Amino acid sequence: RLSSLLVPLATLTVFLFTNLSAVKQPSAPAFVEQAFNGAVGPRTALRIFVYDLRYEYSLEAFLKSLKEEKTNPKSNCDWNMDVCEEQWTGLYSMLRQCGGDAILIQKFRRYPRRVYDPDDADLFVVPYPHSSFCRFLVNPKWNGCKGKHHQRQVSGMLDSLQHFNNATRKLHLFLLCCDTPHHQRALLEMPLYVSLGGQEFRGSTNIVIPPPNTEPHYQPSALAKFDWVKPRTIAVFVQLSLMNAIRRNAFELLNKTKSIAGLPVEVHEIRGRRQFTMSAKKTWEKYRSSYFCPILEGDMPFQKRFFDVVLSGCLPVVVAFPAAGGNPHHSWFKNNTLGYNFTHPFSSMIRYSEFVVQIDDLGDIVSTLHQLLKDPVTIRRMQTALGKVVSKFSYGLGRDFMAPGDAFDTLLLSLEDYVKHLKH
């Protein structure tokens with residue numbers, strides 16, 4: 001039932017990029033960029049059956065509970081349902097990054113090739129917002145889904161799936177839209193799910209996806225108009241909590257480095273993990289004005305900051321550790337842990353090495369970035385590589401809802417590949 005024919009993409013448009021004025025370099029070459037056309041839609045023939053779950057397991061039930069929850073203040077933005085420029089509000093804003101299931105459920109429900117007869121389906125989607133239920137409607141919030149209430153809820157939800165059996169088990173997609181450990185074990189042992197990465201389970205296909213970002217600047221149509229090689233005024237920008245040794249060392253090292261290659265270095269401490277020194281809007285502006293943004297070890301391999309900076313055109317800087325199991329792809333988290341091809345989205349379609357600055361030792365960060373800033377051809381090549389794939393990190397909302405090449409479209413291609421392999 002799968003077709004190898006792709007819906008024709010939008011017309012190609014040539015963009016001529018301007019020079020980086022902050023560093024000496026030759027004229028930027030023209031390169032071909034796909035123009036955005038919101039009418040194109042997904043590039044897959046996959047036929048998908050989406051369950052209509054009982055109300056207690058539905059997105060609507062979660063949104064009602066969220067509205068009634070009075071413990072924590074909400075921001076000006078809803079739970080990733082539409083485009084919104086957020087005014088950061090502590091815990092709510094932080095936990096929205098685990099609410100990508102709200103976006104995916106909307107998109108699967110409105111998927112143009114959705115089928116209503118299970119016999120016609122190539123794949124079954126279970127629109128259960130497990131991550132949203134787990135991460136916001138619990139106390140304390142960081143306990144995730146370990147409580148007996150969620151265990152009973154998951155068990156009841158699974159029992160309610162009319163077409164779920166041993167024959168179709170591998171064709172059921174579950175939405176686990178937070179870092180992998182924050183989910184019920186029963187779902188992590190399923191053959192197919194999406195997550196923000198962090199852990200792999202034998203016998204399961206874990207398709208790693210990016211977190212949601214509802215900012216208008218980072219919608220696919222806006223990204224298509226962005227000048228990825230424009231001049232930037234800041235060499236390095238980073239704000240981070242000093243939660244571990246590598247972050248404390250980076251803060252000390254960069255804080256005493258006032259400039260690199262004649263451009264300023266900006267370092268800001270996040271106190272208590274959530275006490276920011278500037279607004280979210282100002283942070284986005286800083287990212288868009290900077291060449292390099294270090295992404296250093298946090299609690300999990302997943303860090304939303306990585307995706308915020310790439311959507312802003314700031315080249316991420318990571319410490320590359322030897323990965324577990326002899327994996328040639330380095331870990332960007334800790335020594336002897338999963339390589340980035342398991343922890344970052346769509347690694348078979350995105351060549352991260354083309355735009356991520358990997359350093360073996362934190363002590364080399366200043367000299368490495370100084371050398372790169374003196375090599376404008378390499379910088380432009382990295383920025384251009386990032387610009388070509390950046391839409392894969394953005395879920396189109398509003399008028400971009402079915403944007404070709406966005407994160408949802410890329411997920412569909414991954415699912416199509418999964419189904420093809422099952423049939424061979």
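This report looks at one helix pair and the aromatic rings of a predicted model.

## Two packed helices

Two packed helices are described by the angle between their axes and the distance between the axes. Here, helix α3 (residues 100-109) packs against helix α14 (residues 407-422) at an angle of about 70°. Their axes are 11 Å apart. Angles of 65 to 115 degrees count as roughly perpendicular, so α3 is roughly perpendicular to α14.

Which residues meet? From α3 come Leu-104, Lys-107 and Phe-108. From α14 come Phe-408, Leu-411, Leu-412 and Leu-415. By class, this contact of α3 with α14 has six nonpolar residues, one charged residue and no polar ones.

## A ring pair between the helices

The structure holds 24 aromatic pairs. One of them joins Phe-108 and Phe-408. Their centres are 5.0 Å apart, with 80° between the planes. Planes over 60 degrees apart count as edge-to-face, so this pair is edge-to-face.

Phe-108 lies in α3 and Phe-408 in α14, so the pair ties together parts 300 residues apart in sequence. Are these two residues buried or exposed? Both Phe-108 and Phe-408 are buried.

Tyr-352 and Phe-393 have ring centres 6.2 Å apart and planes at 50°, so the pair is tilted. Tyr-352 lies in the loop between α11 and β14, and Phe-393 in the loop between α13 and α14. Tyr-352 is buried, with a relative accessible area of 1%. Phe-393 is also buried, at 1%.

## Charges over a ring

The ring of Phe-401 has the charged end of Lys-107 over it, 4.4 Å from its centre. The charged end of Arg-110 also sits over the Phe-401 ring, 3.9 Å from its centre.

Conventions: Residues are numbered from 1 along each chain as its sequence is written. This is a predicted model: local features need pLDDT of at least 70, side-chain atom pairs count only at pLDDT 80 or more; totals for chains, interfaces and linings use all residues. Side-chain values use heavy atoms; hydrogens and water are left out. Axes are lines fitted to C-alpha atoms, for helices over the stretch in contact, and angles run from 0 to 180 degrees between N-to-C directions. Helices (H or I, at least four residues) and strands (E, at least two) are DSSP runs, numbered from the N terminus. Angles under 35 degrees count as roughly parallel, over 145 as roughly antiparallel, 65 to 115 as roughly perpendicular and the rest as oblique. Contact means heavy atoms within 4.5 Å. Ala, Val, Leu, Ile, Met, Phe, Trp, Tyr, Cys and Pro count as nonpolar, Asp, Glu, Lys and Arg as charged, and the others, Gly among them, as polar. Rings of Phe, Tyr and Trp (its six-membered ring) pair if their centres lie within 6.5 Å; planes under 30 degrees apart count as stacked, over 60 as edge-to-face and the rest as tilted. Buried means under 20% relative accessible area, exposed over 50%, partly exposed in between (1.4 Å probe, protein chains only). A charge sits over a ring if NZ of Lys or CZ of Arg is within 6 Å of the ring centre and within 35 degrees of the ring normal.
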